[in-house]
Amino acid sequence: MDLPVMPPVAPMLAKAAPAIPPGQHYEPKWDGFRAIVFRDGDDVEIGSRTTKPITRYFPEVVDAVRRDLPERCVVDGEIVVATPDATHLDFEALLARIHPAASRVRLLAEQTPAALVVFDLLALGDDDLTGRPFAERRAMLEGLLPVARASDGPGAGSASAAGPGSRAAVHLTRATTDLAEATAWFSAFEGAGLDGVVAKRLDLPYQPDKRTMTKIKHERTADCVVGGYRVHKAADDAVGSLLLGLYDDDGVLASVGVTSAFTMDRRRELFAELAPLVLGPDEAGDHPWSMAAQAAGTRTPREGQSSRWNAGKDLGFVPLRPERVVEVRYDHLEGPRFRHTTQLVRWRPDRDPASCTYAQLELPVSYDLGEVLGG
């Protein structure tokens, strides 16, 4: 491989802001794996956010890059997996694509094909474009992938017409410079599984590993039941994370996520504070997240006892009587769970745990991914 921009390259990053800034270029914030893609003829390498290669996990994306992108180029984008009906991003299915067995990788590439959504161009042919303004790089991208322009109607061209759920393909993300349109996207596109808006200055050069873009993400709060905790990996007398639950329409406590940002002193305090709620061996079978509950189909923290990221990681937990409630801050849901780790706002001794249901959550309206891409 011989390109003007060579791997590894750390992607340009974004800093969080509470509101969408005026007078910039706006894009939907895709929720997948960040990817810097290098192509030199048939040689393709996909670098992750941490610059580690993830090429082997996405053979169908490699094929799509060879089919849809110029012979010598470097692009920045996001690898995503959509639901079978192409209406929503499926991050859990994307996570499952990281598998050590080549045979499993090939099978998943057929069953849950990924797509590459491109939003920047770092090199083309012999030209390093990283020093040029973003407006110029974006215009060149639109010339490479014209079928994905936001102005195109449904069915305009083969690379984007079907949407990211139908087959592996390369798409150019939708974009606008209209603040009102970007503000509407912020709410509407959440229903397709996206988690906000990214703003970029039009004069911005590409700056690897620098937080020079702006991201505006959804932020909400929910009152959740503390159903258990995991012990800290570095201290057996400290809480690593609190496990959160919400009651569904059938009155079943479903696992919805975790909160874990505490100082070590506070972790040890929590370990002592929660000790009276710890269930003994004779009581654990009656916990809402017991092995029997999992077997009956309840969403519990026991799901996936081995971690695909760390084969030796212990995913067991200490069950608690579900009597304590915390208010947490979250950005958005991935199916019935919080997509990211939540932030603890405060304890809620005034809340009845039974009142902590899914009904309190603001659920997004479904939105077609084809509309997000504009094609």
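Cysteine 224 is buried in this predicted model. Its relative accessible area is 0%. Cysteine 356 counts as buried too, at 0% relative accessibility.

To count as one here, the two sulfur atoms must lie within 2.5 Å. The sulfur of cysteine 356 is 6.8 Å from the sulfur of cysteine 224, its closest cysteine sulfur, so the gap is too far for a bond. A search of the whole structure finds 0 disulfides. Cysteine 224 is therefore in no disulfide, with its nearest cysteine sulfur 6.8 Å away.

Now look at the nonpolar cores. In soluble globular proteins, nonpolar side chains tend to be buried together. The largest nonpolar core here has 32 residues. Which of them touch the most other members? They are Ile46, Phe58, Ile79 and Leu116. Several elements give two or more residues to this core, among them strand 3 (33-40), helix 1 (59-68), strand 5 (72-81) and strand 6 (114-124). Take Phe58 as an example. Leaving out residues up to four places away in sequence, Phe58 touches Phe33, Ile79, Leu94, Arg97, Ile98 and Ala114. A second core is separate and holds 31 residues, including Tyr247, Phe262, Leu277 and Leu320.

Finally, find strand 12, which spans residues 239-247 and contains serine 241. Serine 241 is buried, with a relative accessible area of 9%. What does serine 241 touch, not counting residues up to four places away in sequence? Its contacts are Gly228, Tyr229, Arg230, Val258, Thr259, Ser260 and Arg267.

Methods
Residues are numbered from 1 along each chain as its sequence is written. This is a predicted model: local features need pLDDT of at least 70, side-chain atom pairs count only at pLDDT 80 or more; totals for chains, interfaces and linings use all residues. Side-chain values use heavy atoms; hydrogens and water are left out. Helices (H or I, at least four residues) and strands (E, at least two) are DSSP runs, numbered from the N terminus. Buried means under 20% relative accessible area, exposed over 50%, partly exposed in between (1.4 Å probe, protein chains only). Contact means heavy atoms within 4.5 Å. A nonpolar core is a set of buried Ala, Val, Leu, Ile, Met, Phe, Trp, Tyr and Cys residues joined through side-chain atoms within 4.5 Å.
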